[in-house]
Amino acid sequence: TADGVPAAESEEALDFRSSMIMTQDWNLDVDSDELDDSPATVTDARQTFQNLVRSAIKYDTFKKGEADTVRRIIEHIELVSLKKSAEGFNRVNFSVGVLNCFFICWVLGAYPEHIWLLYLIEAVYFIPRKFYNMWRAKPLNQAFYYLDFCWFTNFFAMAYFAIIVISGIFGFNDDIQNGVREVIFKAALGVFCGVLVCANLALPFVACLFHDVNTMTGLFIHLMPPVVMYTFVWYNDRIVEAWPNLFNLSYLEDGLTYYGGTDSIASCSTAFYFTWWVIYVCFMLGGGGIDLPKKFKPDGSPANPRYDTVFHSTMRDGVCILIGKFFRGRSKADSLTLMETNMFDKIDFCLYMVFHMIASLSAIFISGYLCFKSIRRTRTLHRL
């Protein structure tokens, strides 16, 4: 055997193990006290389901006891539905979610000059609310997910808009040099129209579930910044007219270049990305982030982990298997063992960050450029 995994384990058995690892990231545990009086919790349901899967691997469920096995699984699925109801799956929350989406669309169409303010106001609700849920997440606290690049980008945008508003209220806006504003705008344009637009298309968890705050917040932080950038590019005159004491967008009239020179959009966006990249690498390697979710210490004793990271979550979603197969010469069984224990090493992390960098810079240099080029062509046609 290797790492306690039987050498004769079939491909079907490995697929079952992979599926059980996935369930750990599906939030099938109780985060509220509303189900405390239930005869069984959803955490028990997940454990029972995993035990049943193990039984299926070992004993072949399709023989004796098949009906009882299916019945027990269905009963525990019902418990999951109770948990979803406790989290807010009801008509009121669903209706509020739908109405909020319609409201954002209405503001974008009727008053695009105010969409940035709507983004700031809604972010003040969505982001702390999701952080509360992430802090209470089981089996591992997800607070460090906020160090991911998409969150970092949104925090930066929120801080910038907050500074602009506060400076406008107290009359300090003239102290923010136009050159600084231009650099920030260029960096945001490449990142929003590049990385975040591609994230909306590629990431499976960026979805629209009107009743679920966690899912809608994920959609919010990936979709709203590109929408805000859209209004600043297309309706900059209306924004300046509505908020003359806050925004000076004269650099848009002078023309922007996407490639070429240190002051181009691509250069500013790349510098912004690498600022986060260095911070995150320092946290993971120098600050001990890579060891937070590990189930075992270096000496082999139990570690009792409490916190998760986006890196470990992404690796558990199957990236570990791909890295192991194509770059580490690792068997699928060994990769699954790492996914079950979060015992990823620094080489895994470095490969992950290299792929993250390649994907993000490709989005900036390709998707961002295509969006920018489309905007320039359309604006030229409008002027003609």
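Which helices each supply at least two residues of the lining of the second largest cavity? They are α6 and α7.

Before we go further, a word on the source: this is a predicted model, in which local features need pLDDT of at least 70 and side-chain atom pairs count only at pLDDT 80 or more, while totals for chains, interfaces and linings use all residues. Residues are numbered from 1 along each chain as its sequence is written, and side-chain values use heavy atoms, with hydrogens and water left out.

**Spaces inside**

Rolling a probe the size of a water molecule over the atoms shows where empty space is left. Here a cavity is a set of points, on a 1 Å grid over the protein atoms alone, where a 1.4 Å probe fits but cannot get out, and its lining residues have an atom within 4 Å of a point. Grid points are joined across faces, edges and corners, and a volume is the space filled by probe spheres set on the points. Counted this way, the model has two cavities of 30 Å³ or more.

The largest cavity holds about 200 Å³ of space. It is lined by 16 residues, and the closest to its centre are Tyr160, Phe161, Ile184, Phe185 and Ala188. Two or more lining residues come from each of α6 (149-170), α7 (178-202) and α8 (213-234). Helices like these are DSSP runs (H or I, at least four residues) numbered from the N terminus. α7 gives the largest share of this lining, with five residues. By class, the lining has 14 nonpolar residues, one polar and one charged. In this sorting, Ala, Val, Leu, Ile, Met, Phe, Trp, Tyr, Cys and Pro count as nonpolar, Asp, Glu, Lys and Arg as charged, and the others, Gly among them, as polar.

The second largest cavity holds about 50 Å³. Its lining includes Thr153, Phe156, Ile184, Ala188 and Phe272. Eight of the lining residues are nonpolar, one is polar and none is charged.

**Helices side by side**

Two packed helices are described by the angle between their axes and the distance between the axes. The axes are lines fitted to C-alpha atoms, for helices over the stretch in contact, and angles run from 0 to 180 degrees between N-to-C directions.

| Helix pair | Crossing angle | Axis distance |
|---|---|---|
| α4 (91-110) and α5 (115-135) | roughly 155 degrees | within 10 Å |
| α5 and α8 | about 160 degrees | 10 Å |
| α12 and α13 (332-341) | roughly 145 degrees | within 9 Å |

α4 and α5 are therefore roughly antiparallel to each other, a label for angles over 145 degrees. α4 passes α5 in a left-handed crossing, where the near helix is turned anticlockwise from the far one by less than a right angle (clockwise would be right-handed). Their contact (heavy atoms within 4.5 Å) involves Asn100, Phe103, Ile104, Val107 and Leu108 of α4 with Ile115, Leu118, Glu122 and Phe126 of α5. Seven of these residues are nonpolar, one is polar and one is charged.

How are α5 and α8 oriented to each other? The angle makes them roughly antiparallel, too, and α5 passes α8 in a left-handed crossing. Among the residues that meet are Trp116, Tyr119 and Phe126 in α5 and Phe220, Met224 and Phe232 in α8. This contact has 15 nonpolar, four polar and three charged residues.

For α12 and α13 the crossing is right-handed. The contact includes Met315, Arg316 and Ile321 of α12, together with Leu336 and Met339 of α13. It divides into six nonpolar, three polar and two charged residues.

**Single residues to look up**

Helix α12 also holds Phe327. Leaving aside neighbours within four places in sequence, Phe327 is in contact with Leu322, Leu351 and Phe355. Phe327 and Asp348 are 21 residues apart in sequence and 9.3 Å apart in space, C-alpha to C-alpha.

Two loops are worth a visit as well. In the loop between α5 and α6 you will find Pro139, joined to Lys138 by a cis peptide bond with omega of about 0 degrees. Asn304 lies in the loop between α11 (265-286) and α12 (310-328). Its phi is near 50 degrees, a positive value in a residue other than glycine.

Notes:
Parallel < 35°, antiparallel > 145°, perpendicular 65-115°, else oblique. 1 Å grid on protein atoms, 1.4 Å probe; cavity = no way out; pocket = protein on both sides within 12 Å on 5 of 7 lines; lining within 4 Å.
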